[in-house]
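Please view the sequence and the model together while reading.

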Amino acid sequence: MTRYVDEDLHGAEFRECDLTGARLIGVVMQDAVIDGLVTNLVVNGVEVTGYVEAELDRRHPVRVLIRSDDPDDLRSASRQLRADWAATIERIRRTPGVERRSVNDEWSAVQTMRHLVFVHDSWFRRCCLGSTDLFTPMGIGPTVEPYRGAHGLDLSVDPPLDEIVSLTVTEASGVTPRGAH
């Protein structure tokens with residue numbers, strides 16, 4: 001493990017890093033942002049993950065429905081997520097060009113939707129359905145092999161918003177368009 005002692009990391013950004021088991025002792029941390037898969041987080045001796053999860057559930061009640069075993073809850077969650085998705089796409093369409101704009105080095109809306117195509121192919125089609133078909137070329141996955149060309153992804157494609165939306169809406173319904181895979 002790398003050890004930093006008396007280092008000034010003011011303004012440092014850790015992106016796509018694995019900080020599992022990291023210990024920050026005697027640090028000054030003001031205006032810090034932590035965004036990612038966070039579990040078992042202890043701040044000044046208090047395990048805070050449960051508090052954070054409860055607040056996220058309060059802000060986004062659909063999270064509770066998604067975790068439910070009740071089919072009615074899952075159907076309600078699906079309806080809410082589809083409505084939220086439609087509202088998001090509508091907001092994007094009202095501001096032409098925003099779909100390809102990146103903020104703070106994050107993916108643009110188009111890149112994020114292309115990643116959802118990859119996630120659908122990887123988790124649903126392959127893991128759940130057992131398909132061995134190539135990924136949808138427009139998908140964006142990890143930049144390392146085996147996910148690039150060997151699996152059908154083509155980062156050089158630049159599909160229009162409506163093509164991506166059409167595919168993501170179709171995939172969300174569980175129906176794969178003919179010839180898409």
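## Cysteines, a surface patch and a buried arginine

Cys 127 counts as exposed, because its relative accessibility is 54% and the cut-off for that class is over 50%. The model described here is a predicted one. Cys 128 likewise falls in the exposed class, at 57% relative accessibility.

How many disulfides does the structure hold? The number is zero. A disulfide is a covalent bond between the sulfur atoms of two cysteines. For Cys 127, the closest cysteine sulfur belongs to Cys 128 and lies 6.5 Å away, which is too far for a bond. Seen from Cys 128, the closest cysteine sulfur is that of Cys 127, again at 6.5 Å and too far for a bond. A pair would have to lie within 2.5 Å to count as a disulfide.

| Residue | Relative accessibility | Class |
|---|---|---|
| Cys 127 | 54% | exposed |
| Cys 128 | 57% | exposed |
| Tyr 4 | 57% | exposed |
| Arg 125 | 4% | buried |

Tyr 4 is located in the segment that precedes β1 (42–43). Together with Leu 9, Phe 14 and Leu 19, Tyr 4 makes up a nonpolar patch on the surface, and the accessible area of these residues together is about 470 Å².

Arg 125 belongs to helix α4, which covers residues 109–128. Is Arg 125 buried or exposed? With 4% relative accessibility, Arg 125 counts as buried, since the limit for that class is under 20%. The side chain of Arg 125 is joined to that of Asp 121 by a polar contact of 3.1 Å.

Note on methods. Residues are numbered from 1 along each chain as its sequence is written. This is a predicted model: local features need pLDDT of at least 70, side-chain atom pairs count only at pLDDT 80 or more; totals for chains, interfaces and linings use all residues. Side-chain values use heavy atoms; hydrogens and water are left out. Buried means under 20% relative accessible area, exposed over 50%, partly exposed in between (1.4 Å probe, protein chains only). Patches are made of residues with over 30% relative accessible area and no salt bridge: like charges are joined within 9 Å, nonpolar side chains (Val, Leu, Ile, Met, Phe, Trp, Tyr) within 5 Å. Accessible areas come from the Shrake-Rupley method with a 1.4 Å probe; for residues, only the protein chains shown count as cover. A salt bridge is a side-chain nitrogen of Lys or Arg within 4 Å of a carboxyl oxygen of Asp or Glu. Helices (H or I, at least four residues) and strands (E, at least two) are DSSP runs, numbered from the N terminus. A polar contact is a pair of N or O atoms within 3.5 Å; within protein, one must be able to donate a hydrogen and the other to accept it, and residues adjacent in sequence count only if both atoms are side-chain atoms.
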